[in-house]
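Try each task before you read its solution.

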Amino acid sequence: MDAAEGKPTPAAAPSHPQGPPQVNPWSTGLFDCTQDPASCWLTCLCPCITFGQLAEIVDRGSTSSGASGALYMGIGILTGWEFQWIYSCFYRTKMRAQYGLQETPFPDCCVHCLCEPCAICQEYRELRNRGFVMDIGWHANMELQQQQGRGGAAATSPPAMHADGMTR
């Protein structure tokens, strides 16, 4: 702060990183279902289970896999399995934002509209490849990480809060 004028000095202004945020590729492709046949079959036969599991992880435990899966199934049944992709599309977008993933090969809603099972399988594989045990949920994954001494890796836990707000 410049004492003579009572104005902040240029050095006091917050610095922001230059350029766009880093964008990372997906660990598997959209059509790489053969890398995990079990989740592929589960998603084809009952997508509400796979979706519920990935939604709980993406929501960081704020919603249960059962609640997300039931809502997905309810939307599917009420719309004749025509519009549940709208709900799941939001989770792809949220997941991409959390992990800095590319929006490929098409925009999120197009991917979910045109190939819903492939999109859900890819998201499931991505979380599994990032170290999540998908069938135990968010809270059990956090406990597992603490037991293994990882204490909540940066990619899987929310940023720490400080008294003056969030910092990097």
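**Exercise 1.** Does cysteine 109 count as buried, partly exposed or exposed, and what is its relative accessibility?

Solution. The model is predicted. Step one: recall the cut-offs, with buried under 20% and exposed over 50%. Step two: read the value for cysteine 109, which is 35%. Cysteine 109 therefore counts as partly exposed.

**Exercise 2.** Find the disulfide and describe it.

Solution. Step one: the structure holds one disulfide. Step two: the partners are cysteine 89 and cysteine 109, with an S to S distance of 2.3 Å. Step three: the torsion about the S-S bond is about -90°, so this disulfide is left-handed. Step four: cysteine 89 sits in helix H4 and cysteine 109 in helix H5, so the bond ties together parts 20 residues apart in sequence. Step five: cysteine 89 is buried, at 1% relative accessible area.

**Exercise 3.** Which cysteine sulfur is nearest to that of cysteine 40?

Solution. Step one: the nearest is the sulfur of cysteine 33, 4.3 Å away. Step two: a disulfide needs sulfur atoms within 2.5 Å. Cysteine 40 is in no disulfide. Step three: cysteine 40 has a relative accessible area of 18%, so it is buried.

Key. Residues are numbered from 1 along each chain as its sequence is written. This is a predicted model: local features need pLDDT of at least 70, side-chain atom pairs count only at pLDDT 80 or more; totals for chains, interfaces and linings use all residues. Side-chain values use heavy atoms; hydrogens and water are left out. Helices (H or I, at least four residues) and strands (E, at least two) are DSSP runs, numbered from the N terminus. Buried means under 20% relative accessible area, exposed over 50%, partly exposed in between (1.4 Å probe, protein chains only).
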